[in-house]
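Dear colleague,

Here is the structure I said I would pass on. My notes on the fold, the packing and a few individual residues follow below.

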Amino acid sequence: MSHPAQVALIASGELSRTWFANLAKAQRSSDWLSLVYAPTLRLASRVSNTLRAGTPTCSLEKTLACPVIFVRVPEPDLPKLLARMEKVAVSWKGKVLVLCDSAGDSSTLKGFEVRGVHAAT
């Protein structure tokens, strides 16, 4: 019996030397991370293998269905990704959205907060 996805990571760019990678290494089990999204399945698979956790996917809709979503992408890619995320038909109320390794603050996620998201950076 599979459990519903709880924690997702949206990732691209260098990940191996980030705090998120350190967090992944500290976990005793691989089931703490449900989904790993990247623009291509190959990249999602690479990230998942690096973290030794999560199921790779290139479905943004499936990823955004998770109640907790970490976002770790290069700064230049962030505005385009956030705009794409805002267009996905998903219930945002009560979700947790965390920007990792970003120069932006939680005001970067203001568009999501008005929809009921708990934002963090």
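Of the 121 residues in the protein, 39% are buried. This is a predicted model, and the values below were computed from it. The accessible surface comes to about 6,900 Å², and carbon and sulfur atoms account for 53% of that area. Among contacts between residues at least 6 apart in sequence, 58% join residues at least 24 apart.

Fold

The protein has five helices and six strands. Read from the N terminus, the elements run β-α-β-α-β-α-β-α-β-α-β. The six strands form an open sheet with parallel pairing, in the order S3-S2-S1-S4-S5-S6. Strand S3 (55–57) and strand S6 (118–120) are the edge strands, each pairing on one side only. From one strand to the next, the twist averages 20°.

Helix H2 (residues 41–51) lies across strand S1 (7–11), strand S2 (35–37) and S3, and runs at about 160° to S3.

Which residues of H2 are buried? They are Ala44, Val47, Ser48 and Leu51. Viewed down the axis of H2, these buried residues fall within an arc of 100°, so they line one face of the helix. The face of H2 turned away from the buried side carries the exposed residues Arg42 and Asn49. After H2 comes arginine 52, which has a positive phi, near 55°.

Cores

The largest nonpolar core has 21 residues. Those with the most contacts inside this core are Ile10, Leu64, Ile69, Val71, Met85, Leu97 and Phe112. At least two core residues come from each of S1, S2, helix H3 (60–64), S4, H4 and S5. H4 gives the largest share, four residues.

Leucine 97 is worth a look on screen. Leaving aside neighbours within four places in sequence, leucine 97 is in contact with Ile69, Val71, Met85, Leu109, Phe112, Val117, His118, Ala119 and Ala120. A second, separate core has twelve residues, including Leu9, Trp32, Leu33 and Val98.

Glutamate 86

The last item is glutamate 86, found in helix H4. Is glutamate 86 buried, exposed or partly exposed? Its relative accessibility is 30%, and the partly exposed class lies between under 20% for buried and over 50% for exposed, so glutamate 86 counts as partly exposed. Apart from neighbours within four places in sequence, glutamate 86 is in contact with Gly111, Phe112 and Arg115. Phe112 is also one of the residues with the most contacts inside the largest core. Glutamate 86 and arginine 115 are 29 residues apart in sequence, and their C-alpha atoms are 9.8 Å apart in space.

Regards

Technical notes: Residues are numbered from 1 along each chain as its sequence is written. This is a predicted model: local features need pLDDT of at least 70, side-chain atom pairs count only at pLDDT 80 or more; totals for chains, interfaces and linings use all residues. Side-chain values use heavy atoms; hydrogens and water are left out. Two strands pair if DSSP finds at least two bridges between them. Axes are lines fitted to C-alpha atoms, for helices over the stretch in contact, and angles run from 0 to 180 degrees between N-to-C directions. Contact means heavy atoms within 4.5 Å. Buried means under 20% relative accessible area, exposed over 50%, partly exposed in between (1.4 Å probe, protein chains only). The arc is that of the directions from the helix axis to the C-beta atoms. A nonpolar core is a set of buried Ala, Val, Leu, Ile, Met, Phe, Trp, Tyr and Cys residues joined through side-chain atoms within 4.5 Å. Accessible areas come from the Shrake-Rupley method with a 1.4 Å probe; for residues, only the protein chains shown count as cover.
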